[in-house]
Amino acid sequence: MSSIADNIGSVTRRIQKATLQAGRAPGSVHLLAVSKTRSAEELHEAVAAGQSAFGENYLQEALDKIDALRDVPEIEWHFIGPIQSNKTRQIASSFSWVHSVDRLKIARRLSEQRDPALPPLNICLQVNINGEESKSGCLLDQLPQLVGDIGPLPNLSLRGLMAIPDPDQPEASLRLSFRKLADALTDLKASRPGAGPLDTLSMGMSSDLELAIAEGATWVRVGSAVFGARPPKS
Ligand SMILES: *Cc1c(COP(=O)(O)O)cnc(C)c1O
């Protein structure tokens with residue numbers, strides 16, 4: 001079994017190679033280590049190997065780890081899971097980034113509940129890129145309105161878009177999904193220039209990060225390739 005440090009090394013090399021092949025600037029793609037179901041000890045191991053950004057899906061599990069790792073100031077916490085509106089207060093106070101905002105109500109609450117003394121909360125809008133009924137995320141055609149409404153909210157910084165296309169679809173359609181998200185960001189930058197930095201595409205996971213980087217990903221969210229296969233959640 002390879003160690004977390006070895007895995008981070010090989011994922012980092014995959015990212016560097018794909019970045020180079022895409023003709024993109026070195027360092028323009030960041031690794032978000034998705035640490036759902038992983039212990040604080042495993043996160044310590046990843047930090048020792050140089051990893052500092054971690055993505056969590058389940059709030060209570062995340063809060064326990066944030067508390068257990070409070071003495072490790074270099075960690076940057078990202079929330080990437082579905083958001084219930086009664087959970088926004090803790091998300092607004094404990095995370096630096098939220099990738100999974102998909103409606104105005106959630107964004108408003110996060111803005112109201114973010115301590116103005118903290119840096120603005122970085123958010124991405126999650127897009128249901130293939131319009132699947134069972135998936136969370138807004139639809140592409142809702143984006144202009146949402147971005148127009150969310151951009152002015154005071155304690156948020158609207159960084160860009162996130163999607164989780166089904167990684168098991170054929171490579172060509174997967175790639176098209178990534179491209180659609182990238183095109184949507186380009187359109188928003190043109191039509192809503194004041195809404196925020198709009199510099200972020202959160203897309204690509206363990207099995208498809210190269211395709212996502214080829215289409216412009218700036219954060220790849222990688223779980224199993226960093227920590228090993230996840231045990232089934234009981
Ligand atoms: C679990 C998860 C990932 C990572 O998936 P892997 O296939 O393990 O890399 C990425 N993004 C989200 C939103 C996830 O829930």
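Biologist: What percentage of the 234 residues in the chain is buried?

Modeller: This is a predicted model in which local features need pLDDT of at least 70 and side-chain atom pairs count only at pLDDT 80 or more, while totals for chains, interfaces and linings use all residues. Residues are numbered from 1 along each chain as its sequence is written, and side-chain values use heavy atoms, with hydrogens and water left out. Buried means under 20% relative accessible area, exposed over 50% and partly exposed in between, with a 1.4 Å probe and protein chains only. On that definition, the buried share of the 234 residues is 50%.

Biologist: How many helices and strands does the chain have, and what is its radius of gyration?

Modeller: Counting DSSP runs from the N terminus (helices are H or I, at least four residues; strands are E, at least two), the chain has nine helices and eight strands. The globule rule, 2.2 Å times the number of residues to the power 0.38, with the radius taken over C-alpha atoms, gives 17 Å for 234 residues, so the chain is as compact as a globular protein of that length, its radius of gyration being 17 Å.

Biologist: Which residue carries the modified-residue annotation in UniProt, and is it buried or exposed?

Modeller: The unreviewed UniProt entry gives "modified residue: N6-(pyridoxal phosphate)lysine" for K36; such positions are given in the numbering used here, feature names are shortened, and annotations may be inferred rather than shown by experiment. K36 sits in the loop between strand 1 (30-34) and helix 2 (40-48). With a relative accessibility of 17%, K36 is therefore counted as buried.

Biologist: Which residues is K36 in contact with, leaving aside its neighbours within four places in sequence?

Modeller: Contact here means heavy atoms within 4.5 Å. With those neighbours left aside, the partners of K36 are G55, E56, N57, Y58, E61, K65 and R230.

Biologist: Where is L158, and which residues does it contact beyond its neighbours within four places in sequence?

Modeller: L158 lies in strand 6 (residues 156-162), and its relative accessible area of 2% makes it buried. Its contacts beyond those neighbours are I123, L125, V147, I150, G151, A195, G196, P197 and L198.

Biologist: What part of the chain does the domain annotation cover, and how far apart are the end C-alpha atoms of that span?

Modeller: According to the unreviewed UniProt entry, "domain: Alanine racemase N-terminal" covers residues 24-231. That span is 36% helix and 18% strand, and its end C-alpha atoms are separated by 35 Å.
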